[in-house]
Amino acid sequence: MMYLLSHILDRSAEQFSEREAFRCEGKRLTYGELLQQANGLAHTLIDLGVQRGDRVGIYLSKSLESAVAIYGIWKAGAAYVPLDPSAPLARTAYTLDHCGIRHLITQKSKRMRMADLLTAAPKLSCIIGLPESFTLPRPVQRRDWSNILPSDTSPPVRVMEQDLAYIMYTSGSTGTPKGIMHTHRSGLNYARMAAHTYGLTHTDRLGNHSPLHFDMSTLDYFSGPLVGATTVIIPEAYTKMPASLSQLAQDEALTIWYSVPFALIQLLLRGVLDERDLRSLRWVLFGGEPYPAKYMYGLMERLPQARFSNVYGPAEINQCSYYHVPPLTDGRAVAAEVAPIGQIWANAEERVVDDQDQLVASGEVGELLVRTPTMMNGYWQRPDLNERVFYRTEVAHQTAVFYRTGDLVQQLPDGNYQFVGRKDRQIKTRGYRIELDEVEATLVGHPQVEEAAAYGVPLAGGSQQIEAAVILKPDGGLDEAELKRQVAERLPAYAVPERVAIAPSFPRTTSGKIDRRTLQTQAIARLQAAAESREPSTI
Amino acid sequence: MTTTQPIQPQESANHQSVLQTYISDVLLNGRMQVEADDDLLMGEIIDSLGMMRLVAFVEETFALKVPLEDITIQHFRTIEAIDQYLVGRISHGAG
């Protein structure tokens, strides 16, 4: 019997009780221990008033507690909402309020932030994971981790597969983030299909590179436990230090790697791979943004035993296609600048359409629409957005619901799809989705800013950086540093423009719109000139 | 990037305050004042691009080359750790 995500743990604890489920910085949890702790947390949450369908926030650094929190929340019949601990206070407070979160799971190291959050988010009424001794600005229910006792009994099941399992917030074009809702059904379908596609088994050791609020983490937290594998949670510090990261990959004998290309590029360029033995790595999965071919093939040469696959799918549908990169053979020419996103996976249907939702001819560029059993339910309390992103059509006298990815693709002669760009103004930087409209809305939200334009500027090592230009209101005495500081209070660090030029006017198109393309071209030229004037890098 | 005169190695007492100023004012845009024992890698302070900029700053300011195998959590977790690393490098002859 398995129809809920929580059943993953029930079954693996039965089959693999003594095996390690999760590891983090020398600490470990076997499947048996994880089950007992998740049961204990679930009982605690129910005691504290959590109801079926409630949203429970997770505000944790990457740690073993994350795994306990996810499975414990599910066992209590609630959905988990992972919050980015490095996000600005205002953004986290917005998410807590928008999602109606009353219960939040955290840890001692977040205690300073918790005091601010309680002031900024009035609906928050219960904190789990803070010592009783720590003073908070207002009275709330609380329970420390040390008060949560492991339990052999699971609380009675109170949800069905169509109940919500998790909500992930992502950049929204109107200036506030939007919550992608997944059910137990869509999450479990994804867990199974990914485990099947990448042939995961209980002998695998997955490196959890992505933070919890990033959708890629679901492979590590759902699919790994589904097959009884060990997931090694990689603390944030390692993801910033390639030489330490490659050491960890060697010491932990990782077999499966899944991350954004940026991390793999760093590993190739700065991971001192000559001094490491990574022969245990059998499959490298990457996705979230294009992986420049020269870096991909560079790493493939260093890891000849590993398969490489491009994984594609917006968080709204988990995943819908994959492309297994052909093995390197001598003299093989690089076929394309970036790998295709591949074939649409099993049990899914795709359509490539023009602006009128009519199918384009094979080989023509169009927007990719997908329906798959791994698709979201919609955005939390945003019927306006749901109306826009779901495309409904009659198939065999029934309504088929497709998700509009906003991605422009082209089918290649061999049947694989190639990503060619975005239909809207969303960009990716290090795998993070950023709506440029949100960046502009935030800049214009400043009382002294009259108009703003934001744009992505491609960087040499793949990825891109955000830049912006603003026109100030008359008498606006704002400088760049002050504006950036204020924007950083609303946007996550990866969405704060690297540079904000204060301009007297903007280039305009004939219709009077801001000519962002010209601004972008100027920025690219400036970066190129700067790169040429710099001495050749010794790294 | 701001250009600074390389600091003389023997002024090791200066390392910490130079690093504190650079991280607080440049990398963090003045959002917070970092202390010598703050964990720079915890998520809230410096991201991976910021770390690359910090290493470049250290190389330029202290006129030494930091080899890739030295860019590790052990040496860069806190300002104190970077200072200790610099002191170690300088006493063994930087360059």
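This is a predicted model: local features need pLDDT of at least 70, side-chain atom pairs count only at pLDDT 80 or more; totals for chains, interfaces and linings use all residues.

Entry: I searched the whole structure and found 3 cavities of 30 Å³ or more, and I noted a volume of about 90 Å³ for the largest cavity. I then looked up its lining, which is made of 13 residues, with A:L4, A:S6, A:W74, A:K75 and A:V157 lying nearest the centre. Helix 1 (6–15) and helix 3 (64–75) of chain A are the elements that give two or more residues to this lining, and helix 1 of chain A gives the most, with 3 residues. Sorting the lining of the largest cavity by class, I wrote down 6 nonpolar, 4 polar and 3 charged residues.

**Entry: where chain A meets chain B.** I listed 25 residues from chain A and 23 residues from chain B in the contact. The area buried between the two chains is about 2200 Å², and carbon and sulfur atoms give 63% of that area. On the side of chain A, A:K240, A:M241 and A:R430 supply 26% of the area that this chain buries against chain B, more than any other three residues.

**Entry: polar links.** Across the interface of chain A and chain B I found 2 salt bridges, and I noted one between the side chains of A:R430 and B:D47, at 3.2 Å from N to O. I also counted 5 residue pairs in polar contact between chain A and chain B. Helix 8 (236–239), helix 9 (242–251), helix 10 (261–270) and helix 14 (480–487) of chain A each supply at least two residues of the side that touches chain B. The residues of that side divide into 10 nonpolar, 6 polar and 9 charged.

Definitions and conventions. Residues are numbered from 1 along each chain as its sequence is written. Chains are lettered from A and ligands numbered from 1 in the order in which they are written. Side-chain values use heavy atoms; hydrogens and water are left out. On a 1 Å grid over the protein atoms alone, a cavity is a set of points where a 1.4 Å probe fits but cannot get out, and a pocket is an open set with protein on both sides within 12 Å along at least five of seven lines; lining residues have an atom within 4 Å of a point. Grid points are joined across faces, edges and corners, and a volume is the space filled by probe spheres set on the points. Helices (H or I, at least four residues) and strands (E, at least two) are DSSP runs, numbered from the N terminus. Ala, Val, Leu, Ile, Met, Phe, Trp, Tyr, Cys and Pro count as nonpolar, Asp, Glu, Lys and Arg as charged, and the others, Gly among them, as polar. Contact means heavy atoms within 4.5 Å. Buried area is the accessible area (1.4 Å probe) that two parts lose on being put together, summed over both. A salt bridge is a side-chain nitrogen of Lys or Arg within 4 Å of a carboxyl oxygen of Asp or Glu. A polar contact is a pair of N or O atoms within 3.5 Å; within protein, one must be able to donate a hydrogen and the other to accept it, and residues adjacent in sequence count only if both atoms are side-chain atoms.
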